[in-house]
There are 2 protein chains.
Amino acid sequence: MRTYLECIPCFFRQALETSKVAGANVRIQKKVLDRLGSELSGLPLRQSPPELAVTVYGMISRLTGKRDPYAAIKARSNRSALRIYPAVKRRLDRSRHLLRDAVRFAIAGNIIDYGAGQKLNIQKELRKILGSGKRPAARVALFDLPQLERALGKARTLLYLADNAGEVVFDRVLIETLKGLYPELHVCYAVKAGPAINDAMEEDAHACGIGSVAEVISSGSGAPGTVLRLCSAGFRRSFWKADVVISKGQGNFEALEGVRRPVFFLFIVKCAVVARDTGHSAGSMILHYVGKRSGPTAK
Amino acid sequence: MRTYLECIPCFFRQALETSKVAGANVRIQKKVLDRLGSELSGLPLRQSPPELAVTVYGMISRLTGKRDPYAAIKARSNRSALRIYPAVKRRLDRSRHLLRDAVRFAIAGNIIDYGAGQKLNIQKELRKILGSGKRPAARVALFDLPQLERALGKARTLLYLADNAGEVVFDRVLIETLKGLYPELHVCYAVKAGPAINDAMEEDAHACGIGSVAEVISSGSGAPGTVLRLCSAGFRRSFWKADVVISKGQGNFEALEGVRRPVFFLFIVKCAVVARDTGHSAGSMILHYVGKRSGPTAK
């Protein structure tokens, strides 16, 4: 997906937010915004938002002197999500449609997103999304579940593209379910090679215990989305060869939309631009299948 | 109120929105954002948002070639609000606390704000805000109503600072109520001297029929908020001499907060910055009294 003009105010909001998280004082925060402003006309909007974000977040890192501003937040998200893990598993034990409900949990975990949101209480947000005794669940559009089921039934390899720290725990729940349903399935779990907002890196994958059910690999890039052009050759091979690709989060969707292979996108729609692009309103939890188009592109 | 760094993403959002409303193509829209970006470091943030907005909207007007992008929207808002007027009056006829309920309507009318919001359905928004048979009304914080009642009881002159087109109809309802309660009160209704987003100008005041209950005057400035430094000397005299000043809208609050005379601010809190500043969460409908501080400042 290209970057739309509507994404620009959002870049400024994220730049300010990240500068604050990095502990920068107001003078540095202002410097970050001014620098972004002065570089704005040169940013190539034909690139996807996560690709542009590499430039923007790189600049923020240099000006604030913090290589990984979200490190503490990521560690906290991992811990919070792990505390919820047993309850999620108990709920799944009572499920009569394991795959559907595990997919729902995985998408719900996508609420842990500091690029689009602000401070959040994971448990409260999950209750809101999944519904509780009194309250119905949020809109879920899992129209493409039958395709996923069919694809998994025939697959030997699954590449699972991670999004955020903490969210990994919910990916683990889905992968554990998949391993139960399809014991022969080999799963690769791809994380970012370097800090990108609160995106999961190898340490987060291991902290959340995903190593026991999947092979953890790196995308080779620190973009907050799988921008194939910036990924390692090894990762790209895995991407094109995998029987099924599940992609978590809006950043990965923005980066991979239009890529010429089938991908199952699982995420919560977080802004009006992607809402327009997918046809699902902001806040929707979606399983969005982008189907068969042949062969790799230059990307 | 000074401009905070959090206002900067909002300036970009508003600049884009206004360029679209002005009918600019994507190339010009981008040019507007780029220009705002390149001028960002030079904007004096010690100025209030409405004062800065003069610079920003002036630039948008020059680049889009539209002096008054919101002209059609303003005319439409006036018409929509006038259609609701009879129903509002009927509701007030049944009221057992006229002043309180008229103040509530006047604040509710502040939902007609294209600077903070987007497209809107006035009737739907009002129903949401004022409550209907089934649904309770939104949070209203009229804590300072007794002070307003006391001040009006002793007043001979009231200066009423308008905010948006359409909203004027709801101001008219309040002013009509005041004239009923305090027949001797002389009311001046101050509008902007030039186009500023969808702020009311003289033609809007007259279209909404306010001329029958108040003397319509101009602030002498086209800022989207009463920035005294930019107002005419005549207006400033009225401002300092009036027994009571009622100020509508967040823009006027941003411009006048800290001014050294008592002002009753009536508005819906529209962003996190002003929420922090007033102590009322975004979406709150407030009557906010900023009390006695002696004498005019250099402002």
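Me: How many helices and strands does chain A have?
Reply: Chain A has twelve helices and seven strands. Keep in mind as we go that this is a predicted model.

Me: Got it. And what share of the residues of chain A count as buried?
Reply: Of its 299 residues, 58% count as buried. The accessible surface of chain A is about 12600 Å², and carbon and sulfur atoms hold 50% of that.

Me: What about contacts in chain A, how much comes from residues 24 or more positions apart?
Reply: Such pairs make up 72% of the contacts with a separation of 6 or more.

Me: Let's zoom in on a strand. Is S5 in chain A mostly covered or mostly open?
Reply: Mostly covered: S5(A) spans residues 244–248, and five of its five residues are buried.

Me: Which residues sit on which side?
Reply: Val244(A), Ile246(A) and Lys248(A) are on one side, with Val245(A) and Ser247(A) on the other. Both faces are covered, and each of these five is buried.

Me: Nice. Which strands are joined to S5(A) by bridges?
Reply: One is S2(A), residues 157–161, which runs parallel to S5(A) and is joined to it by four bridges. In that pairing, Leu158(A) has Val244(A) as its bridge partner. Another is S6(A), residues 263–268, also parallel to S5(A), with three bridges. There, Ile246(A) is partnered with Phe264(A).

Me: Through what does the chain cross from S5(A) to S6(A)?
Reply: Through helix H11(A), residues 250–256. This β-α-β crossover is right-handed.

Me: Changing topic: how many residues of chain B are in contact with chain A?
Reply: There are 18 from chain B, touching 18 residues of chain A. The area buried between the two chains is about 1500 Å², and carbon and sulfur atoms give 77% of it.

Me: Which three residues of chain B supply more of its buried area than any other three?
Reply: Those are Leu5(B), Pro9(B) and Lys30(B), which supply 33% of the area chain B buries against chain A.

Me: And how many salt bridges are there between the chains?
Reply: The count between chain B and chain A is two. One of them links the side chains of Glu6(B) and Lys20(A), at 2.5 Å from N to O.

Key:
Residues numbered from 1 in each chain as written. Chains lettered and ligands numbered in written order. Predicted model: local features only at pLDDT ≥ 70, side-chain atom pairs only at ≥ 80, totals over all residues. Heavy atoms only, no water. Helix = DSSP H or I, 4+ residues; strand = E, 2+ residues; numbered from the N terminus. Buried < 20%, exposed > 50% of the residue type's maximum accessible area, 1.4 Å probe, protein only. Contact = heavy atoms within 4.5 Å. Areas by Shrake-Rupley, 256 points an atom, 1.4 Å probe, with all protein chains shown as cover. Pairing = 2+ DSSP bridges. Right-handed = clockwise from strand over helix to strand, strands pointing away. Buried area = accessible area lost by both parts, 1.4 Å probe. Salt bridge = Lys/Arg side-chain N within 4 Å of Asp/Glu carboxyl O.
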